[in-house]
Each structure stands twice: as C-alpha cells, then as structure tokens.
Amino acid sequence: MTGDEKKQLLQFLDLASDFLGTGYRGEREEYHIDDDRPRDVAGSDSLEAIAEEVRACQACKLCQGRHKAVPGEGVSQPLVMVIGEGPGADEDSTGRPFVGRAGQLLDKMLAAINLDRNTNCFIANVVKCRPPNNRDPEQDEIAACAPFLQRQLALLKPRAILTVGRVPTQALLGTAEGISRLRGRFFEYQGIPLLPTYHPSALLRDEGLKRPAWEDLKQLRAFLNSPDKDGRIPPHASGAVGSVSGVGTYSGTSSIGNTDPLEEQN
Ligand code: SF4
C-alpha cells in the first residue's frame, strides 16, 4: 500500500468515526506518511550516475594506484554485455575499456559476429580500476566493485553476457573451474544467458586458442539469431558482417560461415 493510499484509508476511518460518534465531521491534523513502496532502483539509476560514482569510488585499495577508473562503454540497450577482468595500462590512462592490443582484437572478434561497442554492445570489467602490475583482481576487490556491475546489468538488460577470460567467468558463475572447461558452454547469470570464452590477450599469447574462440563466437551469434523468449528475433540481431550471414535458429550449430576471421588477427 502506498503512502497516499494509507492516508486516504485513515481519512476515511476518521470520517466514519466522526459520523458514528457525534454525527459531525471533526477537525483533524493532516497525515504525513512516507511512501514506503520499494523503489525501482533501475528506474532512478543511470549509466552516467554509475560512471560518476565509479570515478570517485574509494571502496577498495585499487583506487590508490589508478590514473583513471574505467566504468565501461557502449550502447544503453545492448544485445550483448561483454565482461572482462579489469583495466590494463592503456585503459588506465584513457579511462576506456579494452583499448590496447587485446582490446583491438576484441573489437575484431565482435565485428566478426556483427557486434560492435558503438551499436549493440556494452563493454565493462568486474573491477573498474587497474590492479597493480596487471595482477588478477582479488576477491575483496571484486566484491567491493560488484554493485557497479549489478547496477549496469540491471539497466542494460542485455540478451546475453559474454565473459572473456577466467576471472570474470569464475566471479560471475561462482566457480573455480578453469576457463578451458567453462568456455563454449551457455550458463545463466541472473536469468541472462552467459557464454564464457578466452580473453583476447590469451589469443595473442597462444595462436592455438583462436580456433576454439571462434567456435564460441559462432555459438553466441547463433544464439542471438534465435527467437527470444517471446518468439521474436530482435531487429538488430541479424545482419551480415565479415563471414556472418543470415538469421538462423539456435540449435547448437550456426548459420555462420566456417571461415575463421581470427586466424588473420595478431
Ligand atoms: Fe571502487 Fe571498483 Fe575502483 Fe575498487 S575497483 S575503487 S570498488 S571502482
């Protein structure tokens, strides 16, 4: 019951009491009742507000060494939210996610399946500030930063999450399993399909990982081309970029060509 509804009920009860008692309406003080409905957090939140808070945040020790926090970037209604581990040196100096060599490869990976941070993706990390010497973020740092990621997810409502690398995959799925066992399989995170794959920096280090990463990306594209839970194919789900073509139905295989565009990336 809202504050207004409670106020109306109290006024009605007062009125009934007056007429049953004296038969006249008595003087009453105005009721002041706070509206105690649970607030729709996403409704009053915004990506800009989150980014501002991230830039000012000192909730964990990573704030001490950062030059620029990296809240994330992309469109506000993405098809896919890409979640990585944390900013590196290039990201720390620019305040933007995935802009170094690995970031350029990530952009190419996404483009190969018709995804782009400027049109249908949002890219963020589990920690928004750079861990020193590019070490893995620690559990307390991931936990301190998690509310920002939760708020971003609540606003973005992506059709799918693509985790790149072991750290974000383990953090979101709450598992200690390695990325080579987790990649290429769909999981769910808060009701959103989640597909793990290798981090692009791993592909730069090990050419042999490009083939399985491409298989993962084809799976993601096939899923995005399948009808959603209401039986609709989002208009921005189909299209043709690179070797990606057509609209298919997700069945574990895809309508994407088998030419591996990542083979040419280095
Ligand atoms: Fe705050 Fe996250 Fe940066 Fe830690 S990593 S200081 S929690 S924004």
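1. A word on classes before we start: Ala, Val, Leu, Ile, Met, Phe, Trp, Tyr, Cys and Pro count as nonpolar, Asp, Glu, Lys and Arg as charged, and the others, Gly among them, as polar. With that in hand, the shell around the ligand has 11 nonpolar, two charged and one polar residues.

2. Please keep in mind that this is a predicted model, in which local features need pLDDT of at least 70 and side-chain atom pairs count only at pLDDT 80 or more, while totals for chains, interfaces and linings use all residues. Numbering starts from 1 along each chain, as its sequence is written.

3. Back to the ligand: there are 14 residues around it, and Cys57, Cys60, Cys63, Cys129 and Cys145 come nearest. A residue is near a molecule or strand if its C-beta atom, placed from the backbone, lies within 6 Å of it. Helix α6 (residues 139-156) contributes three residues, the most to this shell. Helices (H or I, at least four residues) and strands (E, at least two) are DSSP runs, numbered from the N terminus.

4. Now the sheet. Six strands form an open sheet in the order β1-β3-β2-β4-β6-β5, with mixed pairing; two strands pair if DSSP finds at least two bridges between them. β1 (73-74) and β5 stand at the edges with a single partner strand each, so one side of each has no neighbour in the sheet.

5. β6 (residues 192-197) is worth a look on both sides. It runs parallel to β4 (residues 160-164), joined by four bridges; Ile161 stands opposite Leu194, and Leu162 opposite Leu195. Helix α10 (residues 210-225) packs on the sheet, touching β4 and β6, and its direction makes about 165° with that of β6. Contact here means C-beta atoms, placed from the backbone, within 7 Å.

6. β5 (residues 187-189) runs antiparallel to β6, with three bridges, and Tyr189 stands opposite Ile192. Two residues lie between these strands in their hairpin, where Gln190 takes a positive phi near 50°.

7. Finally, the axes of helix α3 (residues 47-56) and α6 come within 10 Å and cross at roughly 170°. Axes are lines fitted to C-alpha atoms, for helices over the stretch in contact, with angles from 0 to 180 degrees between N-to-C directions. The two helices are therefore roughly antiparallel (over 145 degrees). Leu47, Ile50 and Val54 of α3 meet Phe148, Arg151, Gln152 and Leu155 of α6; by class, this contact has five nonpolar, one polar and one charged residues.

Key. Contact = placed C-beta atoms within 7 Å. Parallel < 35°, antiparallel > 145°, perpendicular 65-115°, else oblique.
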